[in-house]
Amino acid sequence: MAREFTPKVVTANDLLLGDVIYQTASGWTRELDHAEVLTDEADADLRLIEAAQQINRVVGAYLADVVPQAGGPAPAHFREAFRARGPSNYRHGKQEDDIAPL
Amino acid sequence: MYRYTEFDTEFVTERNAQFRAQVERRIDGSLTEDEFKPLRLMNGLYLQLHAYMLRVAIPYGTLDSRQMTALADIADRWDKGYGHFTTRQNIQYNWPLLRDVPDMLDALADVGMHAIQTSGNTIRNVTADHFAGAAADEIADPRPVAELIRQWSTDHPEFQFLPRKFKVAVTGSPNDRAVTKAHDIGLRMVERDGVAGFEVIVGGGLGRTPMIGKVLRDFLPREDLLPYLESIVSVYNLLGRRDNKYKARIKITVHENGLDDIRARVEERFALIRPQFSGVDQQLLAAIEADFAAPAFKSASLAPFEAAYSNDPIFRSWADTNLSDHRAPGYAIVSISLKAHGATPGDASSDQMRLMASLARDYGHDELRISHEQNVILPHVHRGDLPALHAALKDAGLATANIGLISDIIACPGMDYCALATARSIPIAQEIATRFDELKLEHDVGPLKIKISGCINACGHHHVGHIGILGLDRAGVENYQITLGGDGTQDAAIGERAGPGFSADEIIPAIERLVLAYLDLRTEPSETFLQTYRRLGLSPFKSALYPAEAKADAA
């Protein structure tokens with residue numbers, strides 16, 4: 001029996017910034033809780049293909065597991081938690097106060 | 001110090017111009033990531049977890065104040081005001097923007113630096129003893145040979161697409177501070193009947209299959225070095241496995257084919273190519289040696305040192321821990337710790353880099369070194385200047401007296417930065433250092449090397465740590481495995497796995513139990529952790545790590 005599809009987001013690194021980005025319904029965001037949650041496998045595969053085609057915008061797009069919550073999707077795995085938050089030794093990257101929107 | 005020749009400058013300038021155009025073509029979409037990736041890796045540019053990372057080579061760990069200042073300026077202008085010094089004597093910038101990288105490379109080229117062959121399946125930055133040219137126990141300075149190897153291996157047409165990356169380390173001292181037995185090729189200077197040569201060690205490495213290097217030639221005359229190295233790498237290039245990334249390093253080639261088979265192939269190849277080396281390399285080497293001539297050491301009063309040593313306990317503690325014997329009378333080698341308790345191992349702010357540069361200029365014959373243990377060395381400081389030097393370091397948070405002690409931890413960037421990591425390393429290092437500082441035990445514990453890797457690739461050298469810590473992902477949770485008894489010196493040994501791993505919360509108390517057990521087990525304060533481990537083996541340490549199991553066994 002096929003494994004049940006779990007909710008996902010499309011994530012990648014931004015070509016110019018290098019930062020972790022997530023696909024929204026209309027573009028990309030640097031914040032996981034604004035990402036579009038994909039609950040249908042065929043839809044997720046299609047969205048990933050669309051993301052991967054944006055070669056001068058994103059690098060290394062893939063589907064990451066998330067747990068949908070009231071405030072938006074939360075990471076399912078600790079690696080995704082670190083990607084969503086930034087490093088733990090300095091308040092750099094997404095933890096800086098004035099991160100530029102995409 | 002070696003300065004770029006016109007040839008070096010032209011080569012780097014041309015490569016930078018090529019890369020600038022490649023970045024432009026990537027940004028406008030003419031190059032896909034699959035096309036661009038090998039090009040950026042050839043120039044030291046990685047894409048990590050949160051950002052690009054630029055890895056800059058510091059050949060054999062040597063730089064001058066001008067270069068260190070340039071590294072600081074680059075950190076301020078294009079990064080976040082700091083740099084991370086690595087176990088391969090490189091510096092990494094963790095936050096460059098893709099568009100800025102060509103400018104960063106140009107700024108590096110202005111001071112004779114680059115990021116070429118810091119990645120990819122090539123011969124990487126050649127590393128050397130960080131005390132080279134200064135150590136009291138040295139036969140000769142290994143850096144001229146390291147520079148010769150750098151020139152030979154840079155853009156070597158035969159060796160740009162090796163089966164896997166290839167690392168060479170050189171030491172001129174019988175006390176191996178360059179971990180030569182954990183490199184693809186390790187070279188140790190030796191003398192036989194008054195003739196200088198090398199012991200050639202091959203097939204060492206850490207990573208998922210750790211191996212101690214094996215002696216391929218116990219004595220290689222100096223003038224045979226390049227043709228012999230070329231023979232080894234060319235045998236590996238043909239024989240090394242390209243079908244499986246995890247079996248592609250030369251350590252596996254040596255392991256699968258046997259040392260005798262490799263030796264026979266290398267000797268056959270050597271006989272063929274040796275006549276092609278007409279001696280030009282030896283002329284080059286002689287010129288390079290002149291560049292590495294020792295500075296004009298001064299004679300000066302030791303009184304300031306003696307006064308500070310007797311009157312200032314903080315200075316005394318630092319001097320006892322952070323100085324090493326120099327070959328010149330009145331001089332010392334200063335290790336500047338980049339391991340302040342609770343700080344990120346190997347990180348230096350741009351201000352700290354500038355200060356170290358100015359101290360090198362004022363007190364250190366304008367030389368700095370980066371050690372594989374992620375500290376900065378001032379190799380030539382007169383003892384009379386040490387009190388002033390120490391005062392300046394103290395003001396900048398650089399006077400931590402912990403070299404070789406439990407808080408002088410090697411840690412890879414781990415999952416805070418690295419895309420390959422399976423767990424974090426940095427917070428574990430920070431917590432261990434902070435904990436033992438609170439306990440005020442580290443000087444009592446004495447020499448103890450803790451090395452932490454955030455994945456099986458072992459950039460943090462955990463296999464050769466007296467205590468090694470390996471961070472893994474166990475069912476979606478960070479988990480830390482302990483190995484004991486590793487050693488990266490001339491008596492190199494791979495640590496033994498102690499047992500099941502610990503969670504992030506459990507690992508610090510586990511290390512504390514281990515170290516307290518050592519204090520109970522040692523015969524006297526001068527018996528080091530490693531000596532105690534070698535005398536008693538794993539068992540008593542295992543009982544300390546897993547007290548519940550030990551109790552169950554006793555019942």
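What share of the contacts in chain B with a separation of 6 or more is accounted for by residues 24 or more positions apart?

1. The structure is a predicted model. In chain B, 67% of the contacts with a separation of 6 or more are made by residues 24 or more positions apart. Chain B contains 19 helices and 21 strands.

2. Overall dimensions of chain B. The radius of gyration of chain B is 23 Å, which agrees with the value near 24 Å that a compact globule of 555 residues would have. Taken along the principal axes, its C-alpha atoms fill a box of roughly 65 × 60 × 60 Å. Of the 555 residues of chain B, 54% count as buried.

3. Nonpolar core. The largest nonpolar core has 169 residues. Those touching the most other members are B:Leu54, B:Val170, B:Ile232, B:Met356, B:Ile452 and B:Ile469. Helix α6 of chain B, residues 225–239, supplies the largest share of this core, with eight residues. Setting aside neighbours within four places in sequence, B:Ile232 is in contact with B:Ile185, B:Val202 and B:Val266. As general background, nonpolar side chains tend to be buried together in soluble globular proteins.

4. Domains of chain B. Chain B is divided into four parts: domain 1 (6–110), domain 2 (142–291), domain 3 (310–395) and domain 4 (412–554). The C-alpha centres of domain 2 of chain B and domain 4 of chain B are 32 Å apart. Between these two domains, eleven residues of domain 2 of chain B are in contact with eleven residues of domain 4 of chain B. On the side of domain 2 of chain B that touches domain 4 of chain B, six residues are nonpolar, two are polar and three are charged.

5. Database annotation. For chain B, UniProt lists residues 119–270 and 408–543 under "domain: Nitrite/sulphite reductase 4Fe-4S", in an unreviewed entry. In the model, residues 119–270 of chain B are 30% helix and 20% strand, with the end C-alpha atoms 28 Å apart. Residues 408–543 of chain B are 36% helix and 19% strand, and here the end C-alpha atoms lie 26 Å apart.

6. Contact between the chains. Chain B contributes 24 residues to the contact, and chain A contributes 21 residues. The side of chain B that touches chain A comprises twelve nonpolar, five polar and seven charged residues.

7. Fold and dimensions of chain A. Chain A has two helices and five strands, arranged along the sequence in the pattern β-β-β-α-β-β-α. The C-alpha trace of chain A spans about 45 × 30 × 20 Å along its principal axes. Buried residues make up 31% of the 102 residues in chain A. Of the contacts in chain A with a separation of 6 or more, 55% are accounted for by residues 24 or more positions apart.

8. A:Arg3. This residue is found in the segment before β1 (8–14) of chain A. A:Arg3 is classed as exposed because 6 other C-beta atoms lie within 10 Å, and the class applies at 12 or fewer. The C-alpha atoms of A:Arg3 and A:Tyr22 are separated by 24 Å, the two residues being 19 residues apart along the chain.

Definitions and conventions
Residues numbered from 1 in each chain as written. Chains lettered and ligands numbered in written order. Predicted model: local features only at pLDDT ≥ 70, side-chain atom pairs only at ≥ 80, totals over all residues. UniProt positions renumbered as here; feature names shortened; annotations may be inferred. Helix = DSSP H or I, 4+ residues; strand = E, 2+ residues; numbered from the N terminus. Core = buried A, V, L, I, M, F, W, Y, C linked by C-beta atoms within 7 Å. Buried ≥ 20, exposed ≤ 12 C-beta atoms within 10 Å, placed from the backbone. Contact = placed C-beta atoms within 7 Å. Rg over C-alpha atoms; globule rule 2.2 N^0.38 Å. Domains from an automatic or database assignment. Nonpolar A, V, L, I, M, F, W, Y, C, P; charged D, E, K, R; others polar.
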